Amino acid sequence: MRYLLGLCAFIFIFSCTTQKSNTQYSRIEYEATPCFGFCPVFKMTINPDRTAVFEAEHFNFSDKPSKDEFSKPREGTFKGTIKEADYNKLTALLNGLEVKNLKDKYGERNITDLPTSYLRVNFTDGTSKNVEDYGKRGSEKLSEVYRFFEDLRKNQEWTKIK
């Protein structure tokens, strides 16, 4: 019985460490900048262990934003753990993007009131990719990643730390 319990513990520990090392991402970061309206302004950093930091500036929690929010202080810094299913979906979206092959910049600045998205991905092999997308319309797959991050603001449990 002792050997069986020891074997089960060994398999459990081994499967947990194998699961962590399967990811090719050492850090995933997304940042959304302001526009001349009520665009959410925030930055989110996600680690391979699914721990995350969400830095909320403005327009992240209200369903009906108003001009009064411009004068309010920043909303705060939050921490949380991304749900496993959501983390797996995020990595699948990034894998589908072939992040390393993306252009560094998207969007034309002939319209001056659009937000910019920054997707910064660090890989476990030591390389990184930074994508700047003015207007958030680089491609349909990129737009899907942006919407996914915007949803994470509201569908995860966040604890305010500042």
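Predicted model: local features only at pLDDT ≥ 70, side-chain atom pairs only at ≥ 80, totals over all residues.
Trainee: What makes strand 2 a partner of both strand 1 and strand 3?

Mentor: Two strands count as paired if at least two bridges are found between them. Strand 1 (residues 25–32) and strand 2 have 5 bridges in the antiparallel sense, while strand 2 and strand 3 (residues 51–58) have 6, again antiparallel, so both pairs meet the criterion of at least two bridges. Lys43, which stands opposite Glu55 in strand 3, belongs to this pairing too.

Trainee: Why is strand 2 described as mostly covered?

Mentor: A residue is called buried when its relative accessible area is under 20%, and in strand 2 (residues 41–46) 5 of the 6 residues are buried.

Trainee: What lies between strand 2 and strand 3 in their hairpin?

Mentor: The hairpin has 4 residues between the two strands, and Arg50 in the turn has a positive phi of about 75°. In the hairpin of strand 6 and strand 7, there are likewise 4 residues between the strands, and Gly126 takes a positive phi near 95°.

Trainee: How many bridges join strand 1 to strand 6, and in which sense do the strands run?

Mentor: Strand 1 and strand 6 (residues 116–123) run antiparallel and are joined by 7 bridges, with Glu31 standing opposite Tyr118. Strand 6 in turn pairs with strand 7 (residues 128–134) over 7 bridges in the antiparallel sense, and there Leu119 has Val131 as its bridge partner.

Trainee: What makes strand 5 and strand 8 the edge strands?

Mentor: The sheet is open and has 8 strands in the order 5-7-6-1-2-3-4-8, with mixed pairing. Strand 5 (105–106) and strand 8 (159–160) are its edge strands, as each pairs on one side only.

Trainee: Which helices lie across strand 1 and strand 2?

Mentor: Helix 2 (residues 84–97) lies across strand 1, strand 2 and strand 6, running at about 85° to strand 1. Helix 3 (residues 140–155) lies across strand 1, strand 2, strand 3, strand 5, strand 6 and strand 7, and runs at about 95° to strand 2.

Trainee: Why is the contact of Arg120 with Glu29 called a salt bridge?

Mentor: The term requires a side-chain nitrogen of Lys or Arg within 4 Å of a carboxyl oxygen of Asp or Glu. Because Arg120 lies in strand 6 and Glu29 in strand 1, the pair ties together parts that are 91 residues apart in sequence.

Trainee: Where do Glu57 and Arg74 lie?

Mentor: Glu57 and Arg74 form a salt bridge whose closest N and O atoms are 3.1 Å apart. Glu57 lies in strand 3 and Arg74 in the loop between strand 3 and strand 4 (76–81), so this pair ties together parts 17 residues apart in sequence. Glu57 is partly exposed at 26%, and Arg74 is partly exposed at 33%.

Conventions:
Residues numbered from 1 in each chain as written. Heavy atoms only, no water. Buried < 20%, exposed > 50% of the residue type's maximum accessible area, 1.4 Å probe, protein only. Contact = heavy atoms within 4.5 Å. Axes fitted to C-alpha atoms, helices over the stretch in contact; angles between N-to-C directions.
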